[in-house]
Amino acid sequence: MPSQKLKIAIQKSGRLHDDSIKLLQECGIDLQNGLNKLKTEASNFPLEVYFLRDDDIPQYVEDEVADVGIVGENVILEKEKQVQVVEQLGFGKCRLSIAIPKDQEYQSIHDLHGKRVATSYPHIVAQYLASQQVKAEIHEISGSVEIAPSIGLADAICDLVSSGSTLFMNGLREVETILHSQAVLISHNRLHAYTSQLLEQLRFRIQAVKKARH
Ligand code: PRT
Ligand code: ZN
């Protein structure tokens, strides 16, 4: 079926958007005409691009609405969808860390026993605490997690950190790193022969771009 295209979901706007577009462009894929639409097609590669919220991308890929997607590993681990990571992309690097008010004493993760932890990653945090035999109360909040301790909502937080300046500005200090994350290319595992071949071509180009960047 030569008219078939590989469908890729990337972030519509946010931290991964520009680097995702840049990667496709460095792969020689021309998207000039559709960057501000919700859906566009490359003019020189059988690729259809959907612009979505990052949180929705694993589900769209699992449901085969898109064949592949670009999203942070942190989102994949939190959502536990039936998708596979096909390539690490080397951008969007950050870590998921636990932080506490800077003046608070801290010896080990066991200090969080019986405490309240605010996070947008309840699943990952619950797994981590359970692995350390720590029983804490997890409060799921979807944004501005760093202000939770100062408004009395939580004793600690678990959020993404890159430079550390958000923690610093909110009087918090990082005490544990739960995981390191970067943007990854994901796919579902029921690709047809033709789209699978297109994915291999795209991967080949991505690997060449990654090598050239080193
Ligand atoms: O609208 P949409 O839902 O698509 O976007 P979003 O707001 O959910 O996500 P966005 O654009 O903020 O992040 C997309 C992805 O970028 C994340 O899932 C991570 O994989 C990756 N990433 C890399 C980060 C960061 N670095 C990061 N620093 N995502 C968020 N942050 C936030 C963090 O939550 C905290 O509030 O930046 C702040 C900390 O940054 P520093 O530099 O002050 O430490
Ligand atoms: Zn999001």
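Modeller: Two residues are in contact if their C-beta atoms, placed from the backbone, lie within 7 Å. By that criterion, 65% of the contacts with a separation of 6 or more in the protein chain join residues 24 or more positions apart. This is a predicted model, in which local features need pLDDT of at least 70 and side-chain atom pairs count only at pLDDT 80 or more, while totals for chains, interfaces and linings use all residues. Residues are numbered from 1 along each chain as its sequence is written, and chains are lettered from A and ligands numbered from 1 in the order in which they are written.

Colleague: How do you know which residues belong to domain 1 and which to domain 2?

Modeller: Domain bounds come from an automatic or database domain assignment. Here the assignment gives 6-92 + 182-213 as domain 1 and 94-180 as domain 2. Taken over C-alpha atoms, the centres of the two domains are 30 Å apart. Across the boundary, 5 residues of domain 1 are in contact with 7 residues of domain 2.

Colleague: What makes a residue part of the shell around ligand 1, and how many residues surround ligand 1?

Modeller: A residue is near a molecule if its C-beta atom, placed from the backbone, lies within 6 Å of it. By this rule 21 residues surround ligand 1, the closest being Gly14, Gly72, Cys94, Ser163 and Thr166. Each of domain 1 and domain 2 contributes at least three residues to this shell.

Colleague: How many residues of the shell around ligand 1 are nonpolar, polar and charged?

Modeller: Ala, Val, Leu, Ile, Met, Phe, Trp, Tyr, Cys and Pro count as nonpolar, Asp, Glu, Lys and Arg as charged, and the others, Gly among them, as polar. The shell therefore divides into 5 nonpolar, 11 polar and 5 charged residues.

Colleague: What makes β8 and β10 edge strands?

Modeller: Strands are DSSP runs (E, at least two residues) and helices are runs of H or I, at least four residues, numbered from the N terminus. Two strands pair if DSSP finds at least two bridges between them. The open, mixed sheet has the order β8-β7-β9-β6-β10. Since β8 (137-140) and β10 (172-181) each have a single partner strand, one side of each is left without a neighbour in the sheet.

Colleague: How do you know that β6 and β9 pair?

Modeller: DSSP finds 5 bridges between β6 (residues 94-101) and β9, in the antiparallel sense, against a requirement of at least two. Leucine 96 has leucine 160 of β9 as its bridge partner.
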